[in-house]
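Subject: Structure handover

Hello,

Here is the structure I promised to pass on. My notes follow below it.

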Amino acid sequence: EAIVFQMRRYVAKRLEFDERGTPMQRRKLKDQMWKKQRGICAECGEELPTRGAELDRVQAILGYAEENTRLVCHKCHRASQEAKNFA
């Protein structure tokens, strides 16, 4: 029974990483987007906080690719998610 639980957890984690990438991959992407956007929110144009900026996928199905993501502040990310009926 314990082995079944562990296998299910492993499969669930692998599927999550396939969809979202590993935490290290997302961190690297966040750093790239920070440099590309020069620390400015892609939505409102305000300066992003040094901690807490969020990756927003333009089209969720396309995943976390550089051409499909933008870095936004928390307020804009929440508004974007609500507009897409995800929140």
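This is a predicted model: local features need pLDDT of at least 70, side-chain atom pairs count only at pLDDT 80 or more; totals for chains, interfaces and linings use all residues.

**Helix 2**

By that cut-off, helix 2 has these buried residues: Arg26, Leu29, Met33 and Gln37. Viewed down the helix axis, they fall within an arc of 60°, so they line one face of helix 2. The background is simple. An α-helix has 3.6 residues a turn, so residues three or four places apart point the same way.

The geometry of helix 2 holds up. Its 15 residues reach 21 Å from the first C-alpha to the last, close to the 21 Å expected at 1.5 Å a residue.

**After helix 2**

Arg38 follows helix 2 and has a positive phi, near 55°. Arg38 is not a glycine, yet its phi is positive. For context, most residues other than glycine have a negative phi. Arg38 sits in the loop between helix 2 and strand 1. Is Arg38 buried or exposed? Its relative accessible area is 75%, so Arg38 is exposed.

Gly52 is in the loop between helix 2 and strand 1 too. Gly52 counts as partly exposed, because its relative accessibility is 45%. Gly52 and His74 are 22 residues apart in sequence, with 7.1 Å between their C-alpha atoms.

**Largest pocket**

The largest pocket has a volume of about 280 Å³. It is lined by 15 residues, and those closest to its centre are Arg20, Leu55, Arg57, Tyr64 and His77. By class, the lining has eight charged, five nonpolar and two polar residues.

Which elements supply at least two residues each of the lining? They are helix 1 (2–20), helix 2 (23–37), strand 1 (54–57) and helix 3 (74–83). Helix 2 gives the most, with four residues.

**Helix 1**

With 19 residues at 1.5 Å a residue, it should span 27 Å, and its end C-alpha atoms are 27 Å apart. Gly21 follows helix 1, and the phi of Gly21 is positive, near 85°.

Phe5 lies in helix 1. Phe5 counts as exposed, because its relative accessibility is 58%. Phe5 and Val72 are 67 residues apart in sequence and 37 Å apart in space, C-alpha to C-alpha.

**Helix 3**

The buried residues here are Cys76, His77, Ser80 and Gln81. They cover an arc of only 135° around the axis, so they are on the same side of helix 3. Strand 1 and strand 2 are among the elements that cover them. Lys75 and Ala83 are exposed on the other side of helix 3.

His77 links two of these topics. It is one of the buried residues of helix 3, and it is among the residues closest to the centre of the largest pocket.

Asn85 comes after helix 3, with a positive phi near 60°.

Asn68 is in the loop between strand 1 and strand 2. Asn68 counts as buried, because its relative accessibility is 5%. What is Asn68 in contact with, leaving aside its neighbours within four places in sequence? The list is Asp56, Arg57, Val58, Gln59, Leu62 and Gly63.

Leaving aside neighbours within four places in sequence, Glu66 is in contact with Leu29, Gln32, Met33 and Lys36. Leu29 and Met33 are among the buried residues of helix 2. The C-alpha atoms of Glu66 and Met24 are separated by 14 Å, and the two residues are 42 apart along the chain.

Best wishes

Notes:
Residues are numbered from 1 along each chain as its sequence is written. Side-chain values use heavy atoms; hydrogens and water are left out. On a 1 Å grid over the protein atoms alone, a cavity is a set of points where a 1.4 Å probe fits but cannot get out, and a pocket is an open set with protein on both sides within 12 Å along at least five of seven lines; lining residues have an atom within 4 Å of a point. Grid points are joined across faces, edges and corners, and a volume is the space filled by probe spheres set on the points. Ala, Val, Leu, Ile, Met, Phe, Trp, Tyr, Cys and Pro count as nonpolar, Asp, Glu, Lys and Arg as charged, and the others, Gly among them, as polar. The expected span of a helix is 1.5 Å times one less than its number of residues. Buried means under 20% relative accessible area, exposed over 50%, partly exposed in between (1.4 Å probe, protein chains only). The arc is that of the directions from the helix axis to the C-beta atoms. Contact means heavy atoms within 4.5 Å.
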